[in-house]
Structure formats: structure tokens, C-alpha cells
Amino acid sequence: MTLIDTRQPPEQASRKVADYKPSLLQSEEHGLCPGCGEPVAIRVVLEVIEELGLAQNNIAVLGHGCYGGFIMLLDVDSTLCLHGRAPATATGIKRMRPDTAVWTLQGDGDMVNEGLAEILHATARGENITCILLNNGVFGDTGGQMTAASVIGQRTKNSIDGRTADDHGYPIAIAELVASLQGSAYVARCSVHNAASIAQTRRCVRKAFQRQTEGQGLSLVEILTMCPTGWFVAPEAGTDYLMESLGKTYPLGEIKDRAAAPAATAE
Amino acid sequence: MRTVTRGTLVIAEDRCKGCELCIAACPPNVLTMSRTGNRLGYLYPELKPGCTGCTACQQVCPDFVFEVFKFEDPVLFDTPPEGARPCP
Ligand SMILES: Cc1ncc(C[n+]2csc(CCOP(=O)(O)OP(=O)(O)O)c2C)c(N)n1
Ligand code: SF4
Ligand code: SF4
Ligand code: SF4
Ligand SMILES: [Mg+2]
């Protein structure tokens, strides 16, 4: 089999079209698991921030979860706050610095369990912040326990035969809940299971930050991410598993955009 | 057989954690997993001729393993016909 030498850039005339890492990361090395979706989503967010010219004017507020490991890698002013409290902390920062883009990075355990009150109240107040939710349907960092976002049938460390409505109740679709409140400006659900879904995530994250710049209210992008370790599946099986489990309960797409033309009421 | 190749990669193989997401993501299917492990003990991707420089592998990789280049002019690589085996 002919293999190309990929140890250094090509000798032939060429141009670089993609870098290892976004420039807002200080290093490529991180401790997240093989096949984890979180670094993929974080790349997209950081690239959009740079693209929108916000690299020198944004503050990140991180919750507690595996993504928290990125706090030491981000070349962004950032703070790690109490579990679930990111939207409340971001509220304070944004009110003191209204011209700075303020965004949260949270997991489903962080946002939908520990901090459900914070995200809902921040939305109801119409806080002008952008919230990024990395939804893998488990408390990944602590070993794959069930969250309020785990779907019916999902096997987790404490629902080993699958989540049932009788024993564990129903999952909370946070994006739809946030969209139902008047204070939200933009809500979308995306995924990082393949290159096309990553491109769509990029478009949604861009709009979310634009709505904040326009002062429209709270924006939320939920991104479904792979957690092969917490799901007890092989890394290469994570993308299919994601779409078979969370993907079936949580439809992808834009749920609300206040800035969009009011087509439905135009007739 | 000559394979038209429009792009190429630099693969930081020692950073790879062997998840194989890049293998499934590559539209022309020109990435294969190595047979020996890297510094961390994981198998890592290797590139065959035919890359288009589409960046799909770079986007799906959780471990920031790829840099992608596009050739100014496509490069032709001589490759053995599909299914050809080396002499024993
Ligand atoms: C008040 C409090 N309770 C519990 C914990 C332990 N804890 C740390 S991370 C985590 C799970 C986070 O899950 P999620 O937000 O879904 O992130 P993931 O790891 O799945 O990305 C928990 C329960 C904590 N740090 N603080
Ligand atoms: S436990 Fe899950 S979310 Fe955490 S790093 Fe591993 S794969 Fe990613
Ligand atoms: S750049 Fe595209 S064609 Fe080239 S190896 Fe990566 S995914 Fe395959
Ligand atoms: S996607 Fe990245 S980490 Fe996974 S096998 Fe490919 S190069 Fe390695
Ligand atoms: Mg989680």
C-alpha cells in the first residue's frame, strides 16, 4: 500500500487550509477521552468567536464537567463557577461589561440538573448572554451517571437496564423549555457526529453570538456530543450511538430565532 | 494506477488517541489505521493517495491531530491497482 509522508508539510507548492487547533487554544494537548465530542464542539465555538472579531473581547464562564479541563487551555478570559451557576455568574459579568461577549460552557448535568433554575431565570430575565450546552446525556466527568437529559432507554451507570419513565421520570428537553420563555432570542440544537453536522453547529453558534451583539436576549445552542466512556461503548461507535439515543429524542435544528422574519404571521 | 491527489495532511500521530472518527469521516476513504501504536500506544491514521484537502478529518478529530494542505496543482501518485498484493 502506498502511503503519503505526513510527518511534515508537503514539498510541492501548497497552501495550508486548516490548522491543528483554533488560535484561541494555547495547546493541542488535553486529557479528554478518545472519541469525546466536547473538544470538537469547543473548537467550533472558539473559531466562531475569532471569526466574529471577538477574540479580544469575550469572557467564558465554565460549569463543571469534562469540558472544565479546557479552562487551562483557553486563551480567553474565563472563570470556572459553582456547578450549574454559569448563567448567573455570566449575568453579573455581562451587566458590568455590556460591550463584551459573555458566554457559558455547560454540560447537561451542569445545566439541566444542578443549574436548571439558573438557566431558566437567566432566560426569563432576558439576559444578553450566549449559553453553549454540551449534551451527552450523562454526568460524564463523574463516570456516566444518568442526568435529567438522559433519554428513555438509555443505559447509564445508575440505569444499567435503561432509563424508564416509571423509575426515573421523563427527560427534560431544555432547548424547547428555554425557547418557550419570552427572554430567549435564539435557540438551536446541533450535533458534532459528522462534518456536515459540525458545519451546521458553526452556523448556529455564529447566529447565537450575533444575537448577543445585537442585544436581542439570551441565546442557547445545545450541541449533542459523544461520550463513549460514559456510555460504555467503543470510541468509534460513539457517533452512531449518539444519533440512535439522544438524536432520536432531541431533534436537531433551529428552534427559535427572534431576528428571523416573522414568516408565520405574515399571511 | 495513477491517483489524482489535491490535498495532503500533516498528522501529529503521537497526539492521536485512536478513536477512528477520522476514518469514517473521510469522503474519499483515504485514511487507514496504522498497525503499530504511537507514543501513547494507540493506532493512528495513515494517508493513502487521493486526499482532496476537504478538512473533514480535521474537523471531526477530538485531539487536534491534523493540519490540512491543498496543492496548487494536483499531484499524481502511482499506486498499485486495488487488491494488488505484494509478492511473498
Ligand atoms: C455541587 C457539586 N456537585 C457535584 C459535583 C461533582 N461533579 C463534577 S462534574 C459533574 C458532572 C457534570 O456533568 P455534565 O455537566 O453533564 O458534564 P460532562 O462531564 O458530561 O461533560 C459532577 C456531578 C460538583 N463538582 N459540585
Ligand atoms: S467521560 Fe465522556 S465527556 Fe468526559 S472526557 Fe470522557 S468521553 Fe468526554
Ligand atoms: S482532508 Fe478530506 S480527503 Fe483528505 S484525508 Fe482528510 S477527510 Fe480525507
Ligand atoms: S480522529 Fe483524531 S484522535 Fe481519532 S483516530 Fe483520527 S486522528 Fe486519532
Ligand atoms: Mg454531560
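I counted 2 salt bridges between chain A and chain B.

Notes on the source: the model is predicted, local features need pLDDT of at least 70, side-chain atom pairs count only at pLDDT 80 or more, and totals for chains, interfaces and linings use all residues. Residues are numbered from 1 along each chain as its sequence is written, chains are lettered from A and ligands numbered from 1 in the order in which they are written, and side-chain values use heavy atoms, with hydrogens and water left out.

Next I looked up the extent of the interface. The contact (heavy atoms within 4.5 Å) takes in 42 residues of chain A and 40 residues of chain B. I noted about 3600 Å² of buried area, 62% of it from carbon and sulfur atoms (accessible area, 1.4 Å probe, that two parts lose on being put together, summed over both). On the chain A side, A:Ile4, A:Thr6 and A:Tyr20 lose the most area to chain B, together 20% of what that side buries.

Last, I checked the magnesium ion (ligand 5). A:Asp108 (OD), A:Asn136 (OD1) and A:Val138 (O) coordinate the ion at 2.1 Å; donors are N, O and S atoms within 2.8 Å of the metal (3.2 Å for Na, K and Ca), and water is not among the atoms, so sites may look incomplete. I read the donor spacing as D-x27-N-x1-V along the chain. A:Asp108 is buried at 1% relative accessible area (under 20%; exposed is over 50%, partly exposed in between, 1.4 Å probe, protein chains only). A:Asn136 is buried too, at 5%.

Notes: Salt bridge = Lys/Arg side-chain N within 4 Å of Asp/Glu carboxyl O.
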